[in-house]
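Work through the exercises below with the sequence and the model at hand. Each task is followed by a solution in steps.

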Amino acid sequence: MVDLTGKSWADLYREALLEVNPNRLPHLVEVAMDAVQSKLREHPDGKLNSTERQALEDALKNLRVLQREYS
């Protein structure tokens with residue numbers, strides 16, 4: 001299990017991208033996706049700046065690719 005304490009969505013995303021153990025990867029991708037989606041849900045009315053929103057959307061797309069490749 002991944003310790004979520006104090007980790008940002010970006011930290012969790014980075015961990016998933018850099019994971020080399022195929023047994024851990026699905027869990028890390030899931031945790032990172034949850035964190036990204038949670039961040040997006042926190043600001044449904046568009047209060048995120050466009051750069052951060054784009055980074056979140058890009059992260060979600062990349063995580064979905066990893067999920068498809070390793071599931």
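A crossing of two helices is left-handed if the near helix is turned anticlockwise from the far one by less than a right angle, and right-handed if clockwise. The model used here is predicted.

**Exercise 1. Describe how α1 packs against α3, and state the hand of the crossing.**

Step 1. Two packed helices are described by the angle between their axes and the distance between the axes. For α1 and α3, the axes come within 11 Å and cross at roughly 30 degrees.

Step 2. Angles under 35 degrees count as roughly parallel. α1 is therefore roughly parallel to α3.

Step 3. On the α1 side, the contact is made by Trp 9, Tyr 13, Ala 16 and Leu 17. The α3 side brings Glu 52, Ala 55, Leu 56, Asp 58, Ala 59, Asn 62, Leu 63 and Leu 66.

Step 4. Sorted by type, the residues of this contact of α1 with α3 are 9 nonpolar, 1 polar and 2 charged.

**Exercise 2. Complete the set with α2 and α3: at what angle do the axes cross?**

Step 1. The axes of α2 and α3 cross at roughly 155 degrees and come within 10 Å.

Step 2. α2 and α3 are therefore roughly antiparallel to each other, and their crossing is left-handed.

Step 3. The contact of α2 with α3 contains 13 nonpolar, 2 polar and 4 charged residues. Among them are Met 33, Val 36, Gln 37 and Leu 40 in α2, and Arg 53, Leu 60, Leu 63 and Tyr 70 in α3.

**Exercise 3. Which residues of the largest nonpolar core touch the most other members, and which helix supplies the largest share?**

Step 1. In soluble globular proteins, nonpolar side chains tend to be buried together. The largest nonpolar core here has 19 residues.

Step 2. Those touching the most other members are Trp 9, Ala 16, Val 29, Val 36, Leu 40, Leu 56 and Leu 63.

Step 3. α1 (9–18), α2 and α3 (50–70) each supply at least two residues of this core. The largest share, 9 residues, comes from α2.

Step 4. Take Ala 16 as a case. Leaving out residues up to four places away in sequence, Ala 16 touches Leu 25, Leu 28, Val 29, Ala 32, Leu 63 and Leu 66.

**Exercise 4. Are Met 33, Val 31, Leu 40 and Asn 49 buried, partly exposed or exposed?**

Step 1. The cut-off for buried is under 20% relative accessible area, and exposed means over 50%.

Step 2. Met 33 lies in helix α2 (residues 25–42). Its relative accessibility is 9%, so Met 33 counts as buried. Beyond four places in sequence, Met 33 is in contact with Leu 60, Leu 63, Arg 64 and Gln 67.

Step 3. Val 31 is also found in helix α2. With a relative accessible area of 12%, Val 31 is buried.

Step 4. Leu 40, placed in helix α2, has a relative accessible area of 17% and is therefore buried. Not counting residues up to four places away in sequence, Leu 40 touches Leu 48, Arg 53, Leu 56 and Leu 60.

Step 5. Asn 49 sits in the loop between α2 and α3. At 47% relative accessibility, Asn 49 counts as partly exposed.

**Exercise 5. How many Å separate the C-alpha atoms of Met 33 and Leu 12, and of Val 31 and Gly 46?**

Step 1. Met 33 and Leu 12 are 21 residues apart in sequence, and their C-alpha atoms are 8.6 Å apart.

Step 2. Val 31 and Gly 46 are 15 residues apart in sequence, with 23 Å from C-alpha to C-alpha.

Note on methods
Residues numbered from 1 in each chain as written. Predicted model: local features only at pLDDT ≥ 70, side-chain atom pairs only at ≥ 80, totals over all residues. Heavy atoms only, no water. Helix = DSSP H or I, 4+ residues; strand = E, 2+ residues; numbered from the N terminus. Buried < 20%, exposed > 50% of the residue type's maximum accessible area, 1.4 Å probe, protein only. Contact = heavy atoms within 4.5 Å. Core = buried A, V, L, I, M, F, W, Y, C linked by side-chain atoms within 4.5 Å. Axes fitted to C-alpha atoms, helices over the stretch in contact; angles between N-to-C directions. Parallel < 35°, antiparallel > 145°, perpendicular 65-115°, else oblique. Nonpolar A, V, L, I, M, F, W, Y, C, P; charged D, E, K, R; others polar.
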